[in-house]
Amino acid sequence: MILHPALILVLGALVLPWLPRAARQAAVIGLPLATLWAVWQVPDGAAWQLHFLDYTLTPLAGDRLTRLFATIFSLMAAVGGLFALKQESRLEVPAAMFYAGSAIGVAFAGDLITVFIFWELMAIGSTLVIWSAGNRTAYTASMRYMAIHLLGGVVLMAGIAGHVAATGSVAFVPMAPESWAQWLILAGVLINAGAPPLSAWLPDAYPEASWSGTVFLSAFTTKTAVYVLLRGFPGTELLIWVGMFMIFYGIVYALLENDMRRILAYSIVNQVGFMVVGIGIGTEMALNGAAAHAFAHIIYKALLLMSAGAVLYRTGRRKCTDLGGLFQSMPVTAVCGIVGALAISSFPWTSGFVSKSMISQAAGDQHLTFVWLGLAAASAGVFLHAGIKFPWFVFFQKDSGLRPADPPASMQAAMLVFAALCIGLGLFPAPLYALLPFAVDYEPYSGAHVVTQLQLLLFSGLAFFVMLESLKRTLTISLDFDWFYRVFARRLSEILTPLFTGLIAALERSAGALANRGGDVLRRHHGPLGALARTWPTGSMALWVTIMLLAWLVLYYLF
Amino acid sequence: MSTEKHWLVRPETIKLLWRVFIAVLALTVAAELVVHLHPHFGFDGWFGFHAWYGFLTCAAMIVFAKGLGLLIKRPDTYYGEDR
């Protein structure tokens, strides 16, 4: 029997907190690497089957797409574990491993029920990661986060139940959202992808985790949703427009943001938007592009958040207004942050360039002019909001006077591994292309492509520095959809509570009055002096019976 | 610690960096004369299309964000200290 890769991490995570420190540190890197090995032992097709109620579940099934996502998830868990070796919390890293394992479980799920089970386990693991930051802000953020994900889970479960009831099959196969059940599945998955209108859960919660927690969070939930969309809803046109919205939402909110990790959180929504557009286009090129972009994105986004995490670890500060000039004393962190920033901007010779361009190419091939124009503008916008803004405000800008040292060796090593991968995949895309679900017939490095991309990005950089005054950071946040459940709902309850209390009191009063009146009536008729409670002589009773019998006799005789 | 500024943030270095940056910008546009572009839609073959499209869309996004900021920006203590 083949080992289930997800169970190595999920079950391993349950043992981790009780291990002594040295063993725990070894396991935090060893378990994900063992998982990576196990991922490549899973053959194509269903490997595990079991019967549950009336259904045949397939908790373990492999194919190219599954292996691609499971590979990057395990790699992410290993390098994230390395980065988090100095994490003092005994809960966070085991929770992160549990979370990573559940994401791998979704990737290997061959049926919708297994998808749902691991989906919910992910919500638990990720909530614990945020929660384990151990302060009040993180606690309240984790509760809001969990509420949204449980809602998403309920929507997904309702969809799956409806789908299974209608088709009689639990198999996880491509769906076109036609029935209401499939629409619910799509909606449940999109909530986890950070799609509108609920996107705010992501920038609300992720930046509240610890310096290492956010690194894990950035990788799994949204990319698992991308995986499920890739498998379940390829070519659903609506996704193009949902993705476009996410792309520009991410850019605009990141431009307004002051907290360095919230900038990067908004840019997760932006990057997932590119993948969702690719899934919506739905050609082999576009789906390859979306899958490749998810792979590349996990690496460079984790790298960016590691460099932000290193700054937070050393300085305890997260606001751009408090930071600046750190390149002088944190050269390794700054260089790694810049490599991540170049990769997210799809700079030539980085991983983002070889993956994102496939999505644009697919839009061009399908003659989707406005989509192509939107993607081109968005590429420039990514350089603007993440590519330059993050490194500029954190490492350069003004001199904040802070002179923190680079972080400990384990954190530097993790950053260097991912920085090397960002450049390595950019220079040698062939191994990544070989992992993609469809055969790749695409050459990213044409002269024209490199020149046009450089123009787009460098002139975006020009716009940044020319308009720097407009981008100056202020001590502000931007209202988002979370305002509705954090402020509006509370105010509404403050208004409605006295209203309802008054209404209920009035109802109680009138019900009481009604009951009293009813009692009076009863008393009048049935009370000691009531007409119906009087005693009647037996003689009058006999008289009335005689009269009625007579009447009956007369009527019987007449008719 | 010396009071002298790091060489990278001295005004003369910044001036030099600007000159290099502008030269590189000019080079990427001039490269169109040498590299054969294969425009897909037509308009993307206009001279320096990606350069001015990148610049203008970014400027537009900054202006739009700034305008939206007037509506939705709040002090960062808006949700209270422990939010």
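Of the 83 residues of chain B, 31% are buried (under 20% relative accessible area; exposed is over 50%, partly exposed in between; 1.4 Å probe, protein chains only). This is a predicted model: local features need pLDDT of at least 70, side-chain atom pairs count only at pLDDT 80 or more, and totals for chains, interfaces and linings use all residues. Residues are numbered from 1 along each chain as its sequence is written, chains are lettered from A and ligands numbered from 1 in the order in which they are written, and side-chain values use heavy atoms, with hydrogens and water left out.

**View 1. Chain B follows the pattern α-α-β along its sequence.** Chain B holds two helices and one strand (DSSP runs: helices H or I, at least four residues; strands E, at least two; numbered from the N terminus). Its radius of gyration is 21 Å, whereas a compact globule of 83 residues would have one near 12 Å (taken over C-alpha atoms; globule rule 2.2 Å times the number of residues to the power 0.38). The C-alpha atoms fill a box of roughly 55 × 45 × 20 Å along the principal axes.

**View 2. Val106(A) sits in helix α4 of chain A.** This helix covers residues 92-108. Val106(A) is buried, at 0% relative accessible area. Its contacts (heavy atoms within 4.5 Å) include Val115(A), Phe118(A), Trp119(A) and Met122(A), leaving aside residues up to four places away in sequence. Thr224(A), Tyr227(A) and Val228(A) also touch Val106(A).

**View 3. Val106(A) and Ser329(A) lie 223 residues apart along the chain.** Their C-alpha atoms are separated by 42 Å.
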